[in-house]
Amino acid sequence: MTADPDAPAHTIRSAPEHGRTGAGRAHAKAILLGEHAVVYGAPAVALPLPGLTCTASAVFSGRPGHGLAGYRYRDPAGATAEDEAGAQPPQALRYLVEKTVERFCPGEVFGVDLVLENGIPVGRGLGSSAACARATVKALDGLLRLRLSASDVFDLVQLAETQTHGRSSGIDALATGSTRPVLLAGGRASAPRVGSTGWVVVADSGEFGSTREAVALVRDVFRRRPGREAGFVSRSGTLTARALEALAHGRLDLVGTTLTDTHRLLASLGLSTPALDRLVGAALEHGALGAKLSGGGMGGCVIALADTAEAATGIAAELTRQGARGTWTASIAERGEDD
């Protein structure tokens, strides 16, 4: 999915057309299976969370500068942060805008003002950084009339993700623009077969989790314990393959037990916390078919599987009673066209 850097640049206008706006949108994601192991080549499955979104708008700047000249961020509570007030944009977004202009608008000098409105909680393993990057790329695509291919968009989002997290598998860059479950295996993305629609509940523990730190922790465990990497990657791959087979045949009960087994595997690396374990236990006690931490771990979210929307609603209510800061539900189904 890598664009050819030597390919001819897109042809756009010779001077910025002030007054035009580009808009972009992306959504959250949750990892169902395979987190961490996917970085080492094992398969992973991610689900789109369309109820959590990030939007971006971009205009040509009226102030001096090249690349990202102005920045405003609106969080879910409605607060804003502007660069004039001393709050700088993430370095990854500044880098993303610069590289997009450099690659697709060679020789042109202009600044872009960017406004992000992000309803995806940060540091919870929900793909907030990838969604912000994807929304930004789509906004630049519209503003600059680039007509970017899906491969171009992926590559640009990955540039930002690598800046943010270090080593990145690419699954967040894919899932934040997909309307269907995403299976990443052997470097190739596809939609897994779904034999029966299930429902997931994603619950926020309230603990910030750094993907970069979690990836570093896992790498350190593997360094200190020879053979642990191969064992973990093999076991994760086996569990994911089992769940995919069960999902294809509509055996949500077997998918659920595999989720719980995967939680134990991730916890054995030190990635769970008492808060995550408590939410997993509460989900299982109140009808979930399975539950696990989701994403990098060391904080963040848990994901629980239910066989009906009604069951998912009940599980979400219980997890809220158990201290979850927020819950979101989504279906597992084959549907829609990707962005």
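Across the protein the pLDDT averages 88, and 88% of the residues score at least 70. Do keep in mind that this is a predicted model. Its fold is made up of nine helices and 11 strands.

**Where to be careful**
- Residues 1-15 have a pLDDT that stays under 50, and the model gives this stretch 29 contacts beyond four places in sequence.
- Residues 79-86 are another stretch with pLDDT below 50, with 18 contacts in the model beyond near neighbours in sequence.
- Where pLDDT is low, the predicted coordinates should not be read in detail.

**The protein as a whole**
- Of the 339 residues in the protein, 54% are buried.
- Among contacts with a separation of 6 or more, 76% are between residues 24 or more positions apart.
- The accessible surface is about 14,200 Å², and carbon and sulfur atoms account for 50% of that area.

**A look at helix H1**
- The buried residues of H1 are Ala92, Leu93, Leu96, Val97, Thr100, Val101 and Phe104.
- Viewed down the helix axis, these buried residues of H1 fall within an arc of 165°, which means that they line one face of the helix.
- As a reminder of the geometry behind such patterns, an α-helix has 3.6 residues a turn, so residues three or four places apart point the same way.

Terms used: Residues are numbered from 1 along each chain as its sequence is written. This is a predicted model: local features need pLDDT of at least 70, side-chain atom pairs count only at pLDDT 80 or more; totals for chains, interfaces and linings use all residues. Side-chain values use heavy atoms; hydrogens and water are left out. Helices (H or I, at least four residues) and strands (E, at least two) are DSSP runs, numbered from the N terminus. Buried means under 20% relative accessible area, exposed over 50%, partly exposed in between (1.4 Å probe, protein chains only). Contact means heavy atoms within 4.5 Å. Accessible areas come from the Shrake-Rupley method with a 1.4 Å probe; for residues, only the protein chains shown count as cover. pLDDT is the predictor's confidence in each residue, from 0 to 100. The arc is that of the directions from the helix axis to the C-beta atoms.
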